[in-house]
Amino acid sequence: MFRLRKATTRLLLVSVVVGSIVGCADFLDVNDNPNTATDVRMDLILPGVLVNFTQNILGFPTERYGSTTGLTSWATEWTQQWSWNRDERPYSQFHHYEVSEGDADQPWNAAYANVMKNSLIIMQKASESGDWPYHGIAKFIFAWTLSIVTDAWGPVPYKQAFDTRVYGPAYDSQQEVYEGVHQLIEEAIEEMRREGRTPTSNDLLYGGDMDAWIRLARTVQARLHLRLTYAPGESAADRAQRALEALAEGFQSNADDADFEFPGGEGARSSLYEFENEGWEERNVASHYFVELLRGLNDPRLPIMIRPALSDGAYRGHVNGSPGVPDSTVSKIGSYFTADSSSINWMSYAEAKFIEAEARLILAGPAAADAPYRAGIRANMEKLGVAPAEIDSYLASLPNLASVANPLEAIITQKYIANFLKAEVWNDWRRTGYPVLEPVEGAVIAGIPQRLRTPAGEMNYNSDNVAATGIPTGLEGMLVKVWWASGTGPTP
C-alpha cells in the first residue's frame with residue numbers, strides 16, 4: 001500500500017491552516033488584503049478534510065482541562081474498552097454518562113461545520129473543473145460522516161442542512177438519512193472511476209490510489225448494510241446479502257487497511273497520543289472489563305493491547321465508573337495504539353471478515369460463518385504482530401461456531417476486540433446487545449447511553465425542529481434508541 005511518510009508532516013501543518021481558512025471564510029470577507037488569496041484550491045482543502053475526519057470524527061479530540069472528548073472517546077468508554085481512573089472530571093462526568101448540550105456541540109460541529117461543509121466545497125470546485133476523482137472522494141467522506149452523525153443522534157438535518165436559504169433546517173428521519181447515505185456512496189464510487197485529475201501527495205490516506213478508495217468505500221458500504229439488519233421494516237437476509245455483495249469489491253487483505261499514518265512529533269501526532277500525554281496515561285487507562293475479557297480468553301493480544309501495571313507487573317484494568325485507584329496499580333493502553341506516531345485505522349480487513357461472518361450467519365447459519373470469523377481473528381492478530389504459532393494455537397482452541405450456544409455473541413465479541421478504540425463497538429452493542437455490559441455505578445441515567453444528547457447550538461437556533469423529532473432534549477433523551485436499534489433483533 002502506498003504510504004506518505006516524508007510528506008505527511010508538511011501536509012498536516014498545511015491542513016491545519018487550510019481548515020482554519022475555509023472554516024472562517026464567512027467571517028473574513030471585509031478589509032481584504034490584495035496580497036492574500038481569497039480562494040483556497042481544493043488540492044489544499046483535501047488534506048484538511050482528511051485530517052479533521054481522522055482526528056475529530058474517528059479519533060480522540062481533547063477538551064482543555066484534561067479529558068478526551070467526542071464521539072469515539074465516549075463510545076469506547078461507555079462500552080468499557082478504557083476507563084477514567086479518577087473520582088471525577090473537571091466538568092461533565094462522561095464516565096457516569098453525563099453529557100451536556102455544550103459537550104454535544106463538539107462532534108456535531110466537527111461533522112457539519114468542518115468535514116461535511118469543506119467536503120461540499122471540494123465537490124463544488126471539482127464539479128466546475130471536471131476533476132471527478134476529487135469529487136468522489138469528497139462525496140464519500142461527506143456520506144460517511146453523515147452516517148456517523150445519524151448513528152449518534154438518530155434524526156438529523158440532511159436535505160436542508162446546507163441550504164443557505166433555510167435558517168433552521170428540518171430534521172430527516174434516520175431511515176431517510178440512510179437512504180441518502182447509500183445513494184451518495186454509490187454515486188461516489190462511480191465518480192471515483194471517472195476520468196479526471198486525481199490527488200497525489202495531498203491524499204494523506206491512499207496517495208491518489210483510486211482503486212484503494214473504492215475498496216474502502218465498498219467495505220464501509222457493507223458495514224452500513226449490516227447496520228440495518230435488525231432495523232424495523234428491514235429484511236435481515238436482504239441487508240446481509242447486500243453486505244456480501246459490497247464486500248466482494250471491498251478489502252481483500254490487511255494490505256488494504258485504511259491506516260491514516262502520523263510521523264509523530266510536534267504538530268504531527270496522532271490524537272490517540274492523548275492516552276500518553278501530560279499525565280493522561282494515568283487517567284485514561286485500560287478497562288477492567290476489557291482486560292478480564294482478554295484474560296479469560298487466554299488471548300495473546302493482551303500484552304500488546306495492554307501494558308502491565310507498574311506496581312507488580314500484573315494486567316489489571318480499572319472498573320468503569322468506580323473511584324480512582326493508585327496510578328501504578330492499573331494497566332495503561334498499549335503503546336501500539338498510543339505512540340505519537342501511531343496510525344488511526346479508518347477501516348480494517350479484519351472488520352470486513354467479521355461483517356462477512358455475521359452476514360453468512362444470517363443467510364446460511366453458523367457453519368458458514370466460521371471461516372470468515374476465524375479469518376477476522378487471524379487478520380487482527382497478524383496486524384498487531386502476534387506470533388504465528390500463538391495465532392494458530394489460539395484459533396485451534398476456539399470451537400466451531402456451529403457448536404457454540406450463541407454464535408452471534410462469539411462473532412461480536414471478537415469484533416469488539418479487533419475494533420479496539422473505535423466507535424463501531426458502540427454501534428454493534430446498540431444493535432445486537434453484545435458484548436453484555438452492565439451500566440456503571442453512579443450513572444446519571446438509567447442505562448448505557450443509546451444516543452448523544454441534543455447539541456446546544458441546535459437547542460438555541462433550531463429548537464422548533466428539534467422539538468418536532470419528539471426526542472427528549474435532556475439526559476433522558478440519551479436512553480431513546482435510534483431507529484436501527486429499536487427493532488426486534490437479537491438481544492442478550
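Predicted model: local features only at pLDDT ≥ 70, side-chain atom pairs only at ≥ 80, totals over all residues.
Visitor: How many salt bridges does the structure hold?

Guide: A salt bridge pairs a side-chain nitrogen of Lys or Arg with a carboxyl oxygen of Asp or Glu, within 4 Å. The structure holds 35 of them. One of these joins the side chains of E77 and R89, at 2.9 Å from N to O.

Visitor: Are E77 and R89 buried or exposed?

Guide: Both E77 and R89 are buried.

Visitor: Which residue forms a salt bridge with K139, and where is each partner?

Guide: The partner of K139 is E191, and their closest N and O atoms are 3.0 Å apart. This pair links distant parts of the chain, with K139 in helix 5 and E191 in helix 6, 52 residues apart.

Visitor: Why does K139 count as buried?

Guide: The cut-off for buried is under 20% relative accessible area. K139 counts as buried because its relative accessible area is 8%. E191 has 9%, so E191 is buried as well.

Visitor: Which residues are linked in a network of salt bridges?

Guide: Salt bridges can share residues, and one such network links D151, R223, R227, E351 and E424. Take E351 and R223 within it: their closest N and O atoms are 2.8 Å apart. E351 is buried, and so is R223.

Visitor: Where is R227, and what does its side chain contact?

Guide: R227 is in helix 7. Its side chain makes a polar contact with the side chain of D151, at 3.0 Å. R227 counts as buried because its relative accessibility is 3%.

Visitor: How is the reach of helix 2 read?

Guide: The reach from first C-alpha to last is set against the span expected at 1.5 Å a residue. Helix 2 covers residues 42–58, which is 17 residues. Its reach is 22 Å, close to the expected 24 Å. As for cover, 15 of the 17 residues of helix 2 are buried.

Visitor: How many cavities are there, and what lines the largest cavity?

Guide: A cavity is a space where a probe fits but cannot get out. The count is 4 cavities of 30 Å³ or more. The largest cavity has a volume of about 140 Å³. It is lined by 17 residues, and W153, Y171, T454, T469 and I471 are the closest to its centre. By class, the lining of the largest cavity has 10 nonpolar, 5 polar and 2 charged residues.

Visitor: What is the volume of the second largest cavity, and which element gives the largest share of its lining?

Guide: The second largest cavity has a volume of about 60 Å³. Helix 5 gives the largest share of its lining, 4 residues. Helix 2, helix 4 and helix 5 are the elements that give two or more residues. Among the lining residues are N56, L71, P107 and W153. The lining of the second largest cavity divides into 8 nonpolar, 1 polar and no charged residues.

Visitor: What lines the second largest pocket?

Guide: A pocket, unlike a cavity, is an open set of points. The second largest pocket has a volume of about 680 Å³. It is lined by 42 residues, with I344, N345, W346, F420 and K422 nearest its centre. Helix 5 gives the most to this lining, with 5 residues. By class, the lining of the second largest pocket has 23 nonpolar, 9 polar and 10 charged residues.

How values were computed: Residues numbered from 1 in each chain as written. Heavy atoms only, no water. 1 Å grid on protein atoms, 1.4 Å probe; cavity = no way out; pocket = protein on both sides within 12 Å on 5 of 7 lines; lining within 4 Å. Points joined across faces, edges and corners; volume = space filled by probe spheres on them. Nonpolar A, V, L, I, M, F, W, Y, C, P; charged D, E, K, R; others polar. Buried < 20%, exposed > 50% of the residue type's maximum accessible area, 1.4 Å probe, protein only. Expected span 1.5 Å × (residues − 1). Polar contact = N/O pair within 3.5 Å; in protein donor to acceptor, adjacent residues only side chain to side chain.
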